[in-house]
Amino acid sequence: MNNSDTISDEQINAFIDNELDADDYARILRLSQSDVLLTQRIDERRNQKEMLAFAYKQKKSNTPFTDDDNSARTWKSLAAAVLVFVFGGVAGITGTMQIANNPSQSLIEKIALQEAAPEKMILQISSNDPARIKAALNDAELLLRQSKLKNQNIQLEVIANADGLNMLRIESPYQKTISSLSANHDNVRFLACGTGMSKFKQKGINLTLVPQAEVVSAVTTQVAMRLNQGWSYLRE
Amino acid sequence: MALFNWPYSQSSQTKAYLISQRNRLFRVAYSWCHSDALADDLVQETLLRALKYGKPLRNDKAMDGWLFRILANCWHDELRRRHDTQDINDYEFHSSDNTEEQHYRTEILTQVYQAMSKLPEAQREVVSLIDIAELSYEETAKALDVPVGTVMSRLNRARLALRDRLEKKCRQPAGKILPFGASNE
């Protein structure tokens, strides 16, 4: 039996991952110097590890945050808004941001969980999942109808980005719901993320949106602006 | 150079550190979902949560485990949310590289992404955190809320499976990468 057989794959992993104590590390190092097979196994694992790290090092975030000066401002603004929420009011701003992403909760439940019922809300929809879009629009409708009955002056912005942009396409099955909501409530807006639209265009897909949809520069810009203005942020 | 003029100088180091980790988070998020848009979303949500629940910076390594734990939580939320409803088509890894060297590099990337995308979820998470995020076994265990022994066994299975797939791929032309939601082999 050569040395290679006595060293397990897990030990080789720990060796290349620097997880061994000094004694075990030295032992494997010493054995590898006289065992070609063991050296090959170590080199193979190490090469694979390096290849994986190399492959993903090529990936960089392509969010608007780093694209240009505007994006840097966007992130700065968003971060500042979050900090305002985290650390309390600054310069009179009292944002009530809510990161609501529990999939089992409806929009209404998410709002109900907040300490004080918000009057201004921005709801982000990133998914193309019909069940989630339908549920979000139903909840939005209920919310708008109830606030109207109670004479509450709420404002709601529904912003779609990424795959969620499909909701606002002219051929979308939600076109009638969106049209009805806009016709019956002047306190709701449907917004489309311009950055997301551009990404679709780069793939050769020109999105034609429902007439009620307004295109804004980027979802992050809009959310950051609304957070700064004290709106609540929900995400479906 | 400070990234931003944070309102509280005492916490500026923590905030700057969080922001500086964006691309690192993105790489791991991408290795889990193989979708640029979703990876961006996951990173955005991770940073928002980290800023919201921010704690003082003790050292970079301590922050690492905590930050990647948030990313893992966001990812697991996404998996639960999309369960039974996700229907994403396969997509190709495109590149306009035209020199031989660039082409070769693209081939390698495609093969690695493909092999990773076919790993079981739990194995992919572990190997990403160790090889891409460079977390220790203990930090990875904390981030995923599993014992260190589980991390070691998942890592080993992942590396064996990757080796087999990459060896096989070297003998085949590049194919499709399975993005998040597509079924495994």
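This is a predicted model: local features need pLDDT of at least 70, side-chain atom pairs count only at pLDDT 80 or more; totals for chains, interfaces and linings use all residues.
Visitor: Why is Cys193(A) called buried?

Guide: The relative accessible area of Cys193(A) is 4%, and since the word buried stands for values under 20%, Cys193(A) is therefore counted as buried.

Visitor: What makes Cys33(B) count as buried?

Guide: Cys33(B) has a relative accessibility of 0%, and the limit for buried is under 20%, so Cys33(B) belongs to the buried residues.

Visitor: How many disulfides does a search of the whole structure find?

Guide: The search, which covers all chains, finds zero disulfides; to be listed, a pair of cysteine sulfur atoms would have to lie within 2.5 Å.

Visitor: What makes strand 4 and strand 5 of chain A edge strands?

Guide: In chain A, five strands form an open sheet with parallel pairing, in the order 4-3-2-1-5. Strand 4 (213-216) and strand 5 (232-235) of chain A each have a single partner strand, so one side of each has no neighbour in the sheet. On average, and with direction ignored, neighbouring strands of this sheet are turned by 30 degrees against each other.

Visitor: How do you know that strand 1 and strand 2 of chain A pair?

Guide: Pairing requires at least two bridges, and strand 1 (residues 120-125) and strand 2 (residues 155-160) of chain A are joined in the parallel sense over six bridges. Within chain A, Ile122(A) stands opposite Glu157(A) of strand 2.

Visitor: Why is helix 7 of chain B described as mostly covered?

Guide: Six of the eight residues in helix 7 (residues 137-144) of chain B are buried, among them Tyr137(B), Glu139(B) and Leu144(B).

Key: Residues are numbered from 1 along each chain as its sequence is written. Chains are lettered from A and ligands numbered from 1 in the order in which they are written. Side-chain values use heavy atoms; hydrogens and water are left out. Buried means under 20% relative accessible area, exposed over 50%, partly exposed in between (1.4 Å probe, protein chains only). Helices (H or I, at least four residues) and strands (E, at least two) are DSSP runs, numbered from the N terminus. Axes are lines fitted to C-alpha atoms, for helices over the stretch in contact, and angles run from 0 to 180 degrees between N-to-C directions.
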